[in-house]
Amino acid sequence: MTDKQSDGIFYDVVSPFCGIASDDLVVQVDGNTVTVKENGDSVTTPGFETPITDLSPRINGQEVSLEQAVKHIAGLLNNSKQPLIGGMGTDLNGARAAMALADHSRATVDSQFSDAAFRNILVLQDTGYMTTTLTEVRNRVDFLLVVGTDIELTFPRFFERMVWPKESMFGQDIDSREVVFLGKKPSGNASTSPSGRAAQVIECSEADLPEVISVLRALVKGKNVQAESVGGIPVSELAVIADKLNQAKYGVISWSGTQLSHAHAEVTIQNICEMIKEINNTTRCNGLLLGGKEGDTTVNAVSAWQSGYPMRTAFSRNVPDYDPYLNRGQRMLDDGEVDLLIWVSSFNTAGTPPKTDATTVVLGRSGMTFEQEPEVFIPVGVPGIDHAGRTFRCDSVVSVPLKKLRDSGLPSTFDVLTAVEQAL
Amino acid sequence: MLTKLTGGRVFDPEHGQNDVVRDIYIRDGRIVDAPSDGKVDQEIDVRGKVIMSGAIDMHTHIGGGKVNIARTMLPEDHAEALIERTELMRSGCGHAAPSTLTTGYRYAEMGYTAGFEPAVLPINARQAHMEMHDTPIIDKGGYAMLGSDDFLLRMMAANEDQEAINNYVAWTLTHTQALGLKVVNPGGINAFKFNQRKLDLDEKNTFYNVSPREILQRLARAMTELGVPHPLHVHGCNLGVPGNKDTTLDTIQGIEGLPMHLTHIQFHSYGTEGDFKFSSGAAEIAEAINRNKNITVDVGQILFGQTVTASGDNMRQFAGAPHAHPNKWVCMDIECDAGCGVVPFKYKDQSFVNALQWMIGLETFLMVDDPWRIFLTTDHPNGAPFTSYPHLIKLLMDKSFRNDMLSTLHPEAQNATHLASLDREYSLYDIAIMTRAGAAKLLGLADRGHLGVGAAADITIYTDHADRERMFSSPDYVFKDGQIVVKNGELVKVTWGTTHVVKPEYDASIEKSLKSYFDKYHTMKLGNFKISDDEIIDDGRGSLTVQPLHKGGKL
């Protein structure tokens, strides 16, 4: 519940700007100005506080009414041979409307975050995994291994909320929790324990991570490893980590698909996931997939239940056709296969469309600026600020309600895309 | 508009009507009396046709996290079952884990007008409702899942009184927008988080020192005392474990006469006899069901072919993961609330175990005497996709067909069953009970599952083919809330069903301890956990139907 007080203060506000979707924010609203008063951070605060600049849709830079813009988009879609609905920075109902429109107009759907999300989805579709969720981590983790990811850079409150709470449900001594970074060094000290014990960092280049993980998995399984070092890390040091994973009561291994960006990182993630399954033959250990900001998890979930498939699904044959390679939006644009790009990015002014020769329509957050003015631009409301909505967290289990905080008059992505579908 | 269905053969067990020829009148979505002036706007001649109320699937995994994991995980399974967009229908796909839209269309085309998701994790209830919201035509609802959630186990470890537990249950049902309460491997999902690998009925969770027997008693009592019509819906301990029939028999005894629904009983009816150390316990289980009138069951029949198993029981799903086909699977621990496991599976008719599972399910159907206490399910998609129901109905109604099928299965399994000697054939009236009247009564759906005046006009009209599979695959007409949605087996209109819930009263003081619990341990605020009525209504397409409680509920 977001209780608005008479002084324009809202409590228990959910942030859709970060994949852990913290829901304890205190936000002040004065007209169209939003200020995060409590529990903001470097990701969430700018998300809420970005000011509104545009209120009117534009066609080729000229202000038009919403009706005119909608009609124009419908006309473009009717004449398009291969539309792509990209970006997909939206909430539940925005995603529903985008899927309905894609189905109707034989478009392909892909999200701006798919390259990262598919590093995990491809593993799910090939061998699967064992994972856990944020509240389990908060109460149970005793050993946290972070692979190739500087968590606090993109999830500033992760350690505060999940690793160093005041108390755990099971009487655990919170300060005894151990954190190890493998690969990448953290950019700050959020991972330092309340008593001041810094996390252990075992650095290697990202290019060496696949090999390092392979050796770690072998050590976890008790295999003899002949090499003395891998990726510059002494094997003996990895053996200690392997031992800790096997000894932990509730180990958690975490990574961000965005930050594991080496070629075919899905294979590294798969190796981690298979290692986790093997550890579970004797003790408990789980993966924690970090990601999911700005509707990333939401759009894949909605796409899966409406079409059977996640993003990268095409409707050109009147049935959903899924192909994670052929239907990669950027590939389609690069290869000149798309004649109309409808780009949805309602959370973030920086989430602008890729440069393309295709006719471009943008449903973007007010304040978005363009190198090249799109044919149509409609400033849309931000879910959780300008209109109510729902969004999924990174663990893809929990979804949270987003409340309307102000009356900006900006339409929702759902409103616009539904109107376009009706105008087809 | 007044519609008259003229001269059909009515099977309406709620009113004891077994093949009674009578007219039915429909106005404003309801079944009404014959008009005094005899004037009707539309008359449909259904002479000779079989009329039942719309079928109700009381246990089908149609929405929520684990179903969506199954969908995302199985692109190869969808690729063979793509559904084209039409003027009327959205595109979709799916055989084992169909898309929500396809799910609604297919159910309606089979004459089903309601389906209930049995495993709604409270923390994931919002998603379950989102998916059901996108499931057209049929009514829906869910059973909230408790029993491995830390809040309940903490209450039980602290020996809080029954009234406090009733309050918590009522609060959970209300704020997850649920119709019933389910427990899955009671306490076992929680025990798995503490690295326990099995939990028998009287085995204690190592942290809480609480046993499954105690959890079942507390929750079953809560449902009775709150007056919730649907009894506690139980997926018991030791699913799939040879010898688990003894656990099941103990579970029946252990509930001490309280109403209890044992779901997918087939998976809990295994003995350990024979060379394969795997045998049918169906006779003993059926006898116990016949004797204990407080017990209802659904079968969870398996049928052969590829499917996917999706369950809250991650303890047992992890144990079963080596059998995954194709070889991929997911297990999750979830939010100090529950868990889930998704394991694709292919039931093979030449596998001894799978063949015997098929036989055990059918033995159970045929040996439980009272069709009001046994329900037709495949535990979709765990035993088989729901689209195989017409085939299952034929197996129940046609002994020679059943025995022909039996004769093709693993020979050793054939020797291990008395199925061939069971002569019973279900009648149309029996089918109407188990898929309509009985299901509505079990769930407490006041105005569904029957054809009396005042009932919602959810009506299915069939041609009486000797081939029951053909008959039940393709009804002549399906009415949903008085509108024709299917004609000659094909969808002609898309409507949106309601969500059935109960709203038992609770003492608001429960929120004090819940708020403190959420603030201390959770990563979500109590207020954000609650699902508002507006979320169910959503874009205006959804609606809530609050079902009445039994009289005498406390609080």
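Student: Which residue is the bridge partner of Met130(A) in β18(B)?
Tutor: The partner is Cys331(B). Please keep in mind that this is a predicted model.

Student: How many bridges are there between strand β8 of chain A and β18(B), and in which sense do they pair, parallel or antiparallel?
Tutor: The two strands are joined by 4 bridges, and the pairing is parallel. Strand β8 covers residues 128-131 of chain A.

Student: How many residues does each chain bring to the contact?
Tutor: Chain A brings 54 residues and chain B brings 49 residues. On the chain B side, strand β18 (residues 329-334) gives the most, with 6 residues. By class, that side of chain B holds 15 charged, 16 polar and 18 nonpolar residues.

Student: Changing topic: at what angle do helix α6 and helix α8 of chain B pack?
Tutor: The angle is about 75°, and the axes are 9 Å apart. Helix α6(B) is therefore roughly perpendicular to α8(B), as angles of 65 to 115 degrees count as such.

Student: Which residues make that contact?
Tutor: Among them are Ile165(B) and Val169(B) from α6(B), and Leu219(B) and Ala222(B) from α8(B). The residues of this contact comprise 6 nonpolar, 2 polar and 3 charged.

Student: And chain B overall: how many helices and strands are there?
Tutor: Chain B has 20 helices and 26 strands. Its radius of gyration is 22 Å, close to the 24 Å from the globule rule for 555 residues, so chain B is as compact as a globular protein of that length.

Student: What percentage of its residues is buried?
Tutor: Buried residues account for 61% of the 555 residues in chain B.

Conventions. Residues are numbered from 1 along each chain as its sequence is written. Chains are lettered from A and ligands numbered from 1 in the order in which they are written. This is a predicted model: local features need pLDDT of at least 70, side-chain atom pairs count only at pLDDT 80 or more; totals for chains, interfaces and linings use all residues. Two residues are in contact if their C-beta atoms, placed from the backbone, lie within 7 Å. Ala, Val, Leu, Ile, Met, Phe, Trp, Tyr, Cys and Pro count as nonpolar, Asp, Glu, Lys and Arg as charged, and the others, Gly among them, as polar. Two strands pair if DSSP finds at least two bridges between them. Axes are lines fitted to C-alpha atoms, for helices over the stretch in contact, and angles run from 0 to 180 degrees between N-to-C directions. Angles under 35 degrees count as roughly parallel, over 145 as roughly antiparallel, 65 to 115 as roughly perpendicular and the rest as oblique. The radius of gyration is taken over C-alpha atoms; the globule rule is 2.2 Å times the number of residues to the power 0.38. A residue is buried if 20 or more other C-beta atoms lie within 10 Å of its own, exposed if 12 or fewer, and partly exposed in between; C-beta atoms are placed from the backbone.
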